[in-house]
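Biologist: Can you walk me through this one? I'd like to start at the ligand.

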Amino acid sequence: MLTNIVSRDAKILWHPYTQHSTARPVIPISKGKGAYLFDDKNKQYLDLISSWWVNIHGHCHPAIVNAISKQANQLEHVIFAGFTHEPAVQLGEKLLNILPTGFSKVFFSDNGSTAVEVALKAAYQYWFNHSQQQKKIFLAFEGGYHGDTFGAMAVGSSSGFYKPFEELLFEVKTIPFPYTWLSDQNINEKEEQILQYLTQLLEESSEQIAALIVEPLLQGSSGMRICRPHFIEQVLLICKKYNILTIFDEVLTGFGRTGTMFAAEQLTCIPDMICLSKGLTGGFLPLSATIVKEEIFDAFKGPNFSQAFAHGHSYTANPLACAAACAAIDLFSTENTLDKVSKINEVHLQCLQELSKVSEQIQAVRAIGALGAFNLGSIETDYSQPIGRTIEAKLLEKGLLLRPLGNCVYLMPPYCIELDELKMAYKEIASLLEIIFERTTVTLQ
Ligand SMILES: *Cc1c(COP(=O)(O)O)cnc(C)c1O
């Protein structure tokens with residue numbers, strides 16, 4: 001009889017990004033509180049990946065729980081074409097308030113991928129509506145990840161996840177990404193070369209290019225690769241010069257992850273569009289927003305529907321999700337959340353410095369905002385490296401939830417984590433790596 005949740009799951013459920021023939025058994029989680037998750041036997045796990053990068057203020061934060069419950073008693077959902085409601089309007093106002101100035105319209109959808117699809121489609125139709133020659137090519141960065149729907153796959157095809165679909169993806173030109181870390185010596189040169197390459201590319205083919213999309217300051221999925229604000233700023237200026245629309249995919253970097261509310265705040269100029277999701281609802285409900293400048297919105301006005309943006313989802317601007325997002329945004333001021341992020345950043349830097357003494361195999365040590373990361377054995381991230389899975393399994397036993405990307409180990413906790421808990425996690429990682437690398441030396445001899 002299948003009373004065990006793990007075997008019931010295995011019988012009928014298909015999990016994301018999972019090779020079911022080799023994956024470890026799933027862990028049933030029955031409760032969340034603060035930075036911790038609890039399994040069905042009440043074993044606790046420190047959530048060092050913010051539950052796939054979505055959690056911000058901690059699990060089951062009462063302020064967000066209350067906001068959702070209150071909204072559920074008032075209005076659970078309504079069609080968003082021709083209708084509106086208080087949580088959506090409030091959320092739009094709050095977003096425009098906290099985003100850098102210059103944005104003016106908010107388009108809601110359901111997840112990071114759709115926020116990106118909306119931006120790509122809006123960019124494409126922007127040129128169509130302008131009835132110039134249709135610009136068909138998008139620019140993206142090597143290693144960029146933008147979600148798993150078709151448009152998002154096309155601009156993220158260099159992430160290496162989409163081999164079977166290659167022939168179905170539209171044309172994208174990719175630009176190298178100047179990934180950097182704490183003791184990187186050659187960053188100025190790398191950046192300079194890439195900017196020259198971009199200028200050259202636009203000099204030759206800017207007429208055909210609709211838009212550039214980038215994960216500003218931090219490429220998440222390709223291995224927590226950080227770049228400097230100055231570089232992104234230069235990219236925006238070059239694109240502006242050649243009349244290329246620019247899209248920031250802040251699905252991961254939004255809501256404090258890089259130290260400021262948005263990565264865009266660390267620059268002196270803004271893109272034409274910005275995509276938000278993940279932390280938007282504090283990690284409670286799926287919701288996303290694509291926010292654009294007035295000029296983009298204006299290009300869709302006209303006497304006919306054919307100029308309008310023919311895009312929408314059944315659950316667009318779901319009131320429960322909007323209410324959760326409003327509460328999550330308010331917590332940033334009532335709980336001084338960005339101060340917590342800056343303290344987390346200090347701990348990352350201290351602990352990473354200590355950790356790098358454990359072995360020379362610990363490379364490309366880096367931190368930005370609430371994220372700390374390092375690579376094992378190589379500066380480059382390689383998903384096929386099995387070491388990540390070994391580390392994951394060992395740390396799970398100790399009650400630490402990490403999910404290394406191949407040889408890239410990163411810690412990205414909810415901002416409510418106690419600093420001592422984070423330090424403890426680093427200590428556990430250090431002792432594990434000591435054992436692993438000592439053994440490696442022994443076996444090599
Ligand atoms: C996760 C992610 C996405 C996709 O978001 P989903 O909600 O998983 O569809 C897009 N862009 C970036 C930068 C991401 O990290």
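Biologist: How far is the polar side-chain atom of N111 from an oxygen atom of the ligand?
Modeller: That distance is 3.4 Å. A polar contact here is a pair of N or O atoms within 3.5 Å; within protein, one must be able to donate a hydrogen and the other to accept it, and residues adjacent in sequence count only if both atoms are side-chain atoms. Bear in mind that this is a predicted model: local features need pLDDT of at least 70, side-chain atom pairs count only at pLDDT 80 or more, and totals for chains, interfaces and linings use all residues. Residues are numbered from 1 along each chain as its sequence is written, and side-chain values use heavy atoms, with hydrogens and water left out.

Biologist: And what about K278 and G112, how far are they from a ligand oxygen?
Modeller: G112 places a backbone N or O atom 2.8 Å from an oxygen atom of the ligand. For K278, a polar side-chain atom lies 2.6 Å from a ligand oxygen. Of the 380 Å² of accessible area that the ligand has on its own, the protein covers 84%. Those areas come from the Shrake-Rupley method with a 1.4 Å probe; for residues, only the protein chains shown count as cover.

Biologist: Which residues are around the ligand?
Modeller: W53, N111, G112, S113, Y145, H146, G147, E215, D249, V251, L252 and K278. A residue is near a molecule if one of its heavy atoms lies within 4 Å of it.

Biologist: How many of the shell are nonpolar, polar and charged?
Modeller: The shell has four nonpolar, five polar and three charged residues. Ala, Val, Leu, Ile, Met, Phe, Trp, Tyr, Cys and Pro count as nonpolar, Asp, Glu, Lys and Arg as charged, and the others, Gly among them, as polar.

Biologist: Back to N111. What does it do at α5?
Modeller: N111 caps the N-terminal end of α5, with a side-chain oxygen 3.0 Å from the backbone nitrogen of S113. Helices (H or I, at least four residues) and strands (E, at least two) are DSSP runs, numbered from the N terminus.

Biologist: New topic. Where is W53, and is it buried or exposed?
Modeller: W53 is in helix α2. It is buried, at 6% relative accessible area. Its phi is near 75 degrees, a positive value in a residue other than glycine. Most residues other than glycine have a negative phi.

Biologist: What about S51?
Modeller: S51 is in α2 too, residues 50–53. Its phi is positive as well, about 50 degrees. S51 is partly exposed, at 29%.

Biologist: And the loop with D184, where is that?
Modeller: D184 sits between β6 (172–175) and α7 (187–205). D184 counts as buried, at 13% relative accessibility. Its side chain makes a polar contact with the side chain of T180, at 2.7 Å.

Biologist: Is S183 buried or exposed?
Modeller: S183 is exposed, with a relative accessible area of 53%.

Note on methods. Buried < 20%, exposed > 50% of the residue type's maximum accessible area, 1.4 Å probe, protein only.
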